[in-house]
Amino acid sequence: MDVKLNYYSREWCEEAQRRLNSDTKHLAAAKNLTGTFCFRLYDCPDGTDRIAYWEFEQGRCVNLSWEAKPAPAREIRDLPFDKSATRARTSAPFDMLLALNKGEISMLKLLTNPRYKIEGPKAEAMRYMKGLNSWNKVCMGIPVEE
Amino acid sequence: MVKEVVTSRRTLDSLPRLSRLYNKLLIAKKEVCVQRARLLTEYMQGPGVWFEPAVIRRARAVAHILEKLAANIYPDELIVGGITSKPVGAIIYPEFIGLLIWPELDMLREREVDSLQISDEEIQELDGEIFPFWQDKILADYADDFTAPPTPLSLLEKFGFFLLTEAGGISHTAPDFEKILGVGVQRLIEEAKARIRDMDSSSAGDPEELRKRPFYQAVQVACEGVIEFAQRYQQEALRLAELETDPARKSELMDIAEVCERVPAQPASSFREALQSLWFLEVALHQENYEQALCPGRLDQYLYPYYQRDLERGVLTEEEAIELLGCFFIKMSEFVPLFGESIAIFFSGFPTNPAISIGGMTQDGLDATNRLTYLILETRDLLKTREPNIHARVHKESPDEYLSMVCEVIKGGGGMPALVNDDVIIPTLTGKGIKEEDARDYVVIGCVELSVPRKTFGSTDAALMSLPICLEMALNDGYSPVMLEEVGIKTGDPRQFRSMKDVLSAFRRQVAYLVEQMVIGLNALGIAHRELYPSPLLSATIEGCLKKGIDVTAGGAVYNFTGVQGVGMADVADSLAAIDQLVFREKQTTMDELLQALEDDFEGHERLHQLILNRVPKYGNDEDLPDTYAREVAEIFCQEVARHRNPRGGVYLPGFLSMTNHQAFGKLVGALPSGRKAFETFANGISPYNGWDSKGPTAALKSGAKLNYLLATNGVAYNLKFNPGYLQGTEGTANLSSLIRAYFALGGMHLQVNVVDRQTLLDAQKNPQKYPGLMVRVAGYSAYFADLTREVQDEIISRTEHCTA
């Protein structure tokens with residue numbers, strides 16, 4: 001089924017979770033990916049800010065929570081980073097993350113842009129880069145509405 | 001007979017000024033300094049600036065910064081001048097990679113790697129005013145336009161293949177400080193003016209000559225900025241003297257004012273003026289070029305005449321010389337690099353590496369050791385400052401007394417000085433076309449790189465490249481199992497490899513491909529430096545540039561090289577040995593089974609894993625199988641690097657040092673045939689894998705001595721760790737001296753020694769406050785243990801601790 005979905009909509013996230021958990025290649029590649037990762041997307045096309053928590057156990061996404069609130073949503077944007085509960089948190093405008101998902105923006109551009117923020121220990125993150133790459137690859141395979 | 005060596009006749013207690021300065025340094029918080037970024041931005045926002053010739057624009061920007069930098073003189077200082085406005089500060093280069101900290105500004109104070117203090121006001125200024133201006137003016141972006149997609153920059157961004165450190169700026173050279181101390185900066189201005197006059201009178205219409213005019217003008221402008229900078233220190237010293245109530249300090253401040261009035265504009269007339277002049281030049285040069293590895297070079301050689309003259313005139317004692325050297329060492333430790341967190345992982349411990357080289361041979365081939373050599377060693381013994389990174393040159397005729405003192409200082413801890421072997425390095429350099437007398441004059445740059453001082457722009461640490469990822473791609477037909485994409489080239493299904501020849505051929509082709517990508521990226525960056533941010537001030541200090549009228553970034557130096565490093569050599573060597581023995585010779589496993597084991601990180605393949613770990617000999621034990629592969633791996637990298645040319649008309653030089661890239665690159669490579677598990681660290685430099693050199697230091701060094709150093713023209717780093725108990729007393733010193741002599745006689749190029757026991761390191765990890773001055777050798781540089789990431793600390797703890805010969 002290749003229905004196009006809105007990027008980072010609830011349906012898109014649920015489709016990503018379904019694909020992650022049924023993709024044996026991903027499960028093999030991401031077996032050291034365990035922990036909760038948070039994404040905050042600002043100024044989405046429908047006028048919302050969105051926040052999603054992805055909880056992984058050995059590559060399997062065992063829990064997904066998704067929420068949207070009218071932008072700018074202070075309760076999302078001002079939420080402190082809880083490093084005891086979250087391994088990493090990525091925050092960026094919707095357009096920027098969509099461009100990254102489509103391979104249209106370089107990592108250098110992102111890393112030197114104050115609107116793209118990654119919180120959490122990067123040294124630790126590098127250790128599960130393979131799992132993160134695999135997660136990203138699965139997500140990039142989901143057709144999105146232009 | 002063991003010769004008694006007396007070091008540290010003086011203690012830090014007998015030098016209270018140094019003691020106070022050192023203690024202050026140890027407790028000083030590292031802070032981000034905004035002033036350079038602010039002043040550079042201020043100038044670059046001016047009307048018409050971007051229409052100036054690049055070299056003039058750069059010179060005026062540097063002069064603007066130098067004319068406005070804070071002139072802070074701190075209590076007790078004899079050598080003055082701050083690279084930053086903070087007691088210990090990190091300088092920002094927004095035109096290079098400074099913007100990498102932009103998204104991290106509000107995390108800098110608490111980040112786990114290299115945390116730095118910064119005020120809310122400074123964050124606001126960077127976020128709201130400075131960084132937005134530079135968003136579309138970054139050097140790497142400009143360079144990217146010179147390359148075809150997928151560009152080397154896109155490989156760089158993956159972090160696992162290579163780092164192009166030249167994106168961060170250039171330095172990594174040893175300017176002609178000797179000349180400038182001797183003639184003064186004013187003479188450089190006059191020389192530039194004279195060149196313009198000559199041009200105007202002889203060949204005014206020649207387009208090549210016309211191009212030189214802005215360069216000479218730029219040299220004048222930048223040098224005038226340097227003089228202005230020193231004069232402001234003179235004024236500040238006079239101001240403070242006026243306010244000072246302590247007559248002793250008042251007198252010192254008056255002396256400081258007198259020194260700053262003369263140097264660096266005029267020739268230095270004393271040891272103190274020479275050191276002050278040198279330090280002002282370092283400060284000024286770092287306003288133009290980044291804070292890495294701008295090296296004073298052979299300090300004991302070119303400062304010796306000043307020292308000797310002062311001694312003869314009765315105006316300087318040995319103790320005063322040590323005090324001045326100590327003040328200079330402390331100034332060199334007052335600045336730290338500012339990396340984005342992703343980059344800081346590759347360079348843990350705040351290294352800046354202004355290296356000095358002592359001892360060795362003269363240009364005539366005689367022993368160069370002098371009294372100042374010993375005083376520098378003594379100063380190091382007293383002060384365990386992070387910088388300068390000291391290297392002791394050793395040759396067959398080096399006096400025993402010198403080597404013994406070097407060993408004594410090493411035993412004092414901190415991994416300095418490192419040792420380099422003249423008898424190997426000089427032929428290595430002449431092999432690259434360097435004249436014999438220049439080669440004899442070589443210095444170590446940064447960590448371990450080799451260069452002829454005064455006349456070379458060698459950009460000696462332009463990039464670092466992972467070798468194990470090349471093997472991993474060779475064993476996956478170009479595919480990277482961690483990146484999950486085909487990054488390398490197709491080199492065939494490894495299951496069809498019939499011999500080691502096939503494995504090596506695939507590995508070589510992957511290395512060649514990655515080296516080529518790295519070189520393309522570096523050459524693009526080199527062009528960008530030349531076109532966007534040339535270096536007129538650095539050019540004024542490198543022989544050849546003024547004569548040719550060409551900036552150092554455009555090939556003005558006499559010698560032009562670019563140095564790049566291979567990382568993880570031992571991991572590849574041990575892996576090849578395992579494949580050779582178990583797959584092809586003994587047929588204990590198949591390539592198919594081995595590849596599956598690697599994919600599974602040896603889980604479910606314990607028998608094979610144990611076979612690899614216990615049956616296959618490892619590099620670092622004087623075993624021919626892995627040692628032969630180590631030599632071959634190093635040769636492959638060296639040959640592939642050496643075939644390339646840089647944009648300055650020079651060639652690429654290969655070397656093997658890793659900073660902490662062996663840790664970071666290791667996180668992006670899966671399990672290896674060596675038995676190393678996925679994402680673990682690689683071996684550092686050319687050292688054996690941690691804990692696998694189990695047959696003692698002699699065997700470890702014999703393995704290292706088998707490499708072909710004639711090809712490793714950019715230098716190597718070999719780490720050895722000893723339990724202090726083994727080196728106790730004069731006998732321990734003699735043992736270490738003998739080991740070094742023997743290793744160098746066998747052909748070893750470099751050695752650095754940590755003398756520290758595991759218990760101390762474990763306790764320091766647990767209770768860092770108990771060990772503020774505990775310093776260790778990392779990989780080509782030393783760092784305070786507490787400044788290192790937990791993982792690098794663990795790696796150093798896990799290194800083999802030799803207890804016997």
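How many bridges join β6(B) to strand β7 of chain B? Keep that question in mind while we look at the whole chain, remembering that this is a predicted model.

Let's start with the big picture. Chain B contains 32 helices and 20 strands. Its radius of gyration is 26 Å, close to the 28 Å that the globule rule gives for 805 residues, so chain B is as compact as a globular protein of that length. Along its principal axes, the C-alpha trace spans about 80 × 65 × 55 Å. Of the 805 residues, 63% count as buried.

Now zoom in on strand β6 of chain B, residues 389-394, where six of six residues are buried. Asn389(B), His391(B) and Arg393(B) point one way from the strand, while Ile390(B), Ala392(B) and Val394(B) point the other way.

What lies beside β6(B)? Strand β5 of chain B, residues 355-359, pairs with β6(B) in the parallel sense over five bridges, and Ala355(B) has Asn389(B) as its bridge partner. Together with helix α16, residues 371-382, these two strands make a right-handed β-α-β unit.

Here is the answer to our opening question: four bridges join β6(B) to β7(B), residues 418-421, and the two strands run parallel. To get from β6(B) to β7(B), the chain passes through helix α17, residues 400-411, in a right-handed β-α-β crossover. Within this pairing, Arg393(B) has Val420(B) as its bridge partner.

Finally, look at where the two chains meet. The contact takes 26 residues from chain B and 21 residues from chain A. On the side of chain B that touches chain A, there are 16 nonpolar, four polar and six charged residues.

Methods. Residues numbered from 1 in each chain as written. Chains lettered and ligands numbered in written order. Predicted model: local features only at pLDDT ≥ 70, side-chain atom pairs only at ≥ 80, totals over all residues. Rg over C-alpha atoms; globule rule 2.2 N^0.38 Å. Buried ≥ 20, exposed ≤ 12 C-beta atoms within 10 Å, placed from the backbone. Contact = placed C-beta atoms within 7 Å. Nonpolar A, V, L, I, M, F, W, Y, C, P; charged D, E, K, R; others polar. Pairing = 2+ DSSP bridges. Right-handed = clockwise from strand over helix to strand, strands pointing away.
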